[in-house]
Amino acid sequence: MKKIFSRPRSLKKAVFHYCPGCGHSIIHRITCEVIDELGIQDRAIGVPPPGCSVFAYYYFDVDMVESAHGRGAAVATGIKRAHPESVVFTYQGDGDLAAIGTAETLHAANRGENITAIFINNAVYGMTGGQMAPTTLLGMKTTTSPFGREDKYEGHPIKMSEILAQVNGACYIERTAVNSPANIRKTQKAITRAFRNQIEGLGYSLVEILSPCPTNWKMSPVEAWQWIDDVMSKEFPLGLIKDTTGRGDAH
Amino acid sequence: MLIKTVFAGFGGQGVMSMGLNLAQAAMMEGRYVTYLPAYGAEVRGGTANCTVSVSDEEIASPVASSPAFVVALNQPSMIKFQNKIQSGGIFFLNSSLIKEPLLRGDIEIVQVPANAAAEDMGSVKSANMIMLGAFIKKSNLVNLQTLIDALAVALKGNKKLIAINKNALTAGYELV
Amino acid sequence: MTGNAAIAEAAIRAGCRCYFGYPITPQNELTEYMAAHLSRREGCAFIQAESEISAVNMVYGASVAGARAMTSSSSPGISLKQEGISYLAACQLPSVIVNMSRGGPGLGSISASQSDYFQSTRGGGHGDYRTIVLAPASVQELADLTRRAFELADKYLIPVIILGDGMLGQMMEPVEFKHEAPSALPVRAGALRGAKGRHSRFVRTFTSNPAELEEVNWSLFRRYQLIQKQEASCENYLTEDAALVVTAFGIAARIAKGAIKQARALGLRVGMFRPVTLWPFPSEQLKELSKRAKYFLDFEMNMGQMIDDVRLALEGGGDVSFYGRPGGVIPNPTEVLRVITRVYHQKGLNQ
């Protein structure tokens, strides 16, 4: 019998610890597929964050180093500058990239650090138990915005991709989602481009991925997928936000 | 013998380069030397000073409690250091800018009209090197020629500046 | 050469090719020297980072990739680096952090101070860890100990702190560099360079299993014990016949030495014990000295920090007086001489 589907080489043979319906498992898998496709398993160095994906190194079969909360872009900068032949990617959540690590992210992008950021936006702090994130939507209830996020008290959801698009050193920014087979395919393409840009030395690339967190959203996985379409992607519109690479293979 | 000298004046008068030149020359003569600048906000527009210690043996403290020599380029520096200089020490005063009489009788005073002499030579900027020339003549800390040789290091071989500074050093040397 | 420039040159000659920093007085000459020598050079990295936090995390990244890496700052900036230092210690990443300390707390003053002794020798960041702390007292020693710092960091896989101060950084003294810069250093074993021809590796600090973390801490602790046994070093100055021993480190030791010379000229039997490594503190050496000398005068440019280690080392076996000036005030040798003379007479040592 012909084998038509198998585990990517750069994904370890391990059982994910993620909740049912969580986007991390899907994003891990497609990232590993990209690493395989590009043949960079032996050059890749990943920088996972604190948070649910802190154990990413149990799954990615590439060199990995955990960073302190928010410091991924600085750590990746250090690795890439010390060892330019490597292909360095950060894997960061919304609290990490858009709150505590805003400065590191913005300035790495501004320097045009030749690295790839995979930015998981699930509008909530997952591992710590569902607190308000910088990307939490207005009206959304979390454990630290129990009355629903209100701009007057808790501020607005921050759009990091749009902000980073203003920064000259960032060459490619796209927002995708993993809530349907079509969107997952688009996400995989975007991740491929973000890695390719680095391999070709084009500068800072970021893929923001709207990712379901059924547990903290208190929804079923199916409802969570639907919610991304109906609500979340209205605040965070999907699509290409910036591309100065001139590669012309945008989909 | 350990000799400590303080150079003091307004920021911009070139007191740091006086100290640096002396330190460089002393090093070239094979002496132990430390150069300690007052730095940071202290030197933004206000008075600046530095301490140069020269010795034939290892220097313990680079800080001067009571320097043997003080070179003051302006009035505030004269006031600041007049009570710190050690008894029997020499106080070098830029008499072009310092008019107040000194209140101590146990130290020697050398008056150098450095600004006036520098203006005669074409630029008031050379006043510091005129003071340094005069200082070397009286203090005998290093040879004038070593000091001139040291200029090449501080001025990174800039021939025009070296010539101007050399003339000012020599003029100051002959002034006292 | 200024002390700051001497550190930078010595680091380059020790094979440091990656430097990340953020401006703060009084250590800017170090950053500027690195900018001039490491930026735009093949195989080298210099970044003026967006913060001290980023700078230390860039060191973390460069170190994990196997490079000799360094950052420098002064007191308030070192506070910001503590998070990163804790991670460096946890991941056992060799690295060198320079603190040309200034007066505190808060923004304090830019004048030289020694008020960061506790922060440097007690870890500073969160967690049960140590860093090696070297305390140079001259520009030559700044250069020598910078090289030593890189060697120790690699030998024990540990962050090493060079604790200087603003005065040491700004002052100039002749300095001799005994080594040429190597063209390239071998990549450290265990570095992450991509999993070529081997299994992938990861470097992490987090574990959900307390027993696992306990084992990590045990192994760190065993290494710290080894360092304490092997690396404690000190300078004894005129202590053979001393009735009174001044204990001081860094620039304060220089000032004390000046005072001691004057005290000797007055016929007082005074010497000095200067720890060169603040952690590990040379406790054994001080304890040994206390068999000959009973009276100690601890002198620091703070209100008494190292004195805790002096007392711990003496285990009640000596009489310890203290003199200190906080906030960035620089005591002069005559002032210290007055204190020495007073203590000498109070303790009846002139009889």
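**View 1. Overall dimensions of chain B.** For its 176 residues, a compact globule would have a radius of gyration near 16 Å, and the 15 Å of chain B agrees. This radius is taken over C-alpha atoms, and the globule rule is 2.2 Å times the number of residues to the power 0.38. The C-alpha atoms of chain B fill a box of roughly 40 × 40 × 35 Å along the principal axes. The model is predicted: local features need pLDDT of at least 70, side-chain atom pairs count only at pLDDT 80 or more, and totals for chains, interfaces and linings use all residues. Residues are numbered from 1 along each chain as its sequence is written, chains are lettered from A and ligands numbered from 1 in the order in which they are written, and side-chain values use heavy atoms, leaving out hydrogens and water.

**View 2. Elements and surface of chain B.** Chain B has 6 helices and 6 strands. Helices (H or I, at least four residues) and strands (E, at least two) are DSSP runs, numbered from the N terminus. Their order from the N terminus is β-α-β-β-β-α-β-β-α-α-α-α. Buried residues make up 56% of the chain B total of 176. Buried means under 20% relative accessible area, exposed over 50%, and partly exposed in between (1.4 Å probe, protein chains only). Chain B exposes about 7600 Å², with 53% supplied by carbon and sulfur atoms. Accessible areas come from the Shrake-Rupley method with a 1.4 Å probe; for residues, only the protein chains shown count as cover.

**View 3. A:Arg111 and C:Glu50 form a salt bridge at 2.9 Å, N to O.** A:Arg111 lies in the loop between α4 (102-110) and β4 (116-121) of chain A, and C:Glu50 in the loop between β2 (45-48) and α3 (52-64) of chain C, so the pair joins two chains. A salt bridge is a side-chain nitrogen of Lys or Arg within 4 Å of a carboxyl oxygen of Asp or Glu. A:Arg111 is partly exposed at 26% relative accessible area. C:Glu50 is buried at 15%. Over all chains, the structure holds 36 salt bridges.

**View 4. C:Lys261 and B:Glu57 meet in a salt bridge at 3.4 Å, N to O.** This pair crosses between chains. C:Lys261 sits in helix α9 (residues 250-265) of chain C, and B:Glu57 in the loop between β3 (47-55) and β4 (69-72) of chain B. C:Lys261 is partly exposed, at 31% relative accessibility. B:Glu57 is also partly exposed, at 47%.

**View 5. C:Asp144 and C:Lys178 pair in a salt bridge at 3.2 Å, N to O.** C:Asp144 lies in helix α6 (residues 139-156) and C:Lys178 in the loop between α7 (166-170) and β7 (202-203), so the bridge ties together parts of chain C that are 34 residues apart in sequence. C:Asp144 is partly exposed at 31%, whereas C:Lys178 is exposed at 53%. Salt bridges that share partners also join B:Glu58, C:Glu141, C:Glu235, C:Lys257 and C:Arg274 into one network.

**View 6. Chain C as a whole.** Chain C has 12 helices and 13 strands. A compact globule of 351 residues would have a radius of gyration near 20 Å; the 21 Å of chain C agrees. Its C-alpha atoms fill a box of roughly 75 × 45 × 40 Å along the principal axes. Buried residues make up 60% of the chain.
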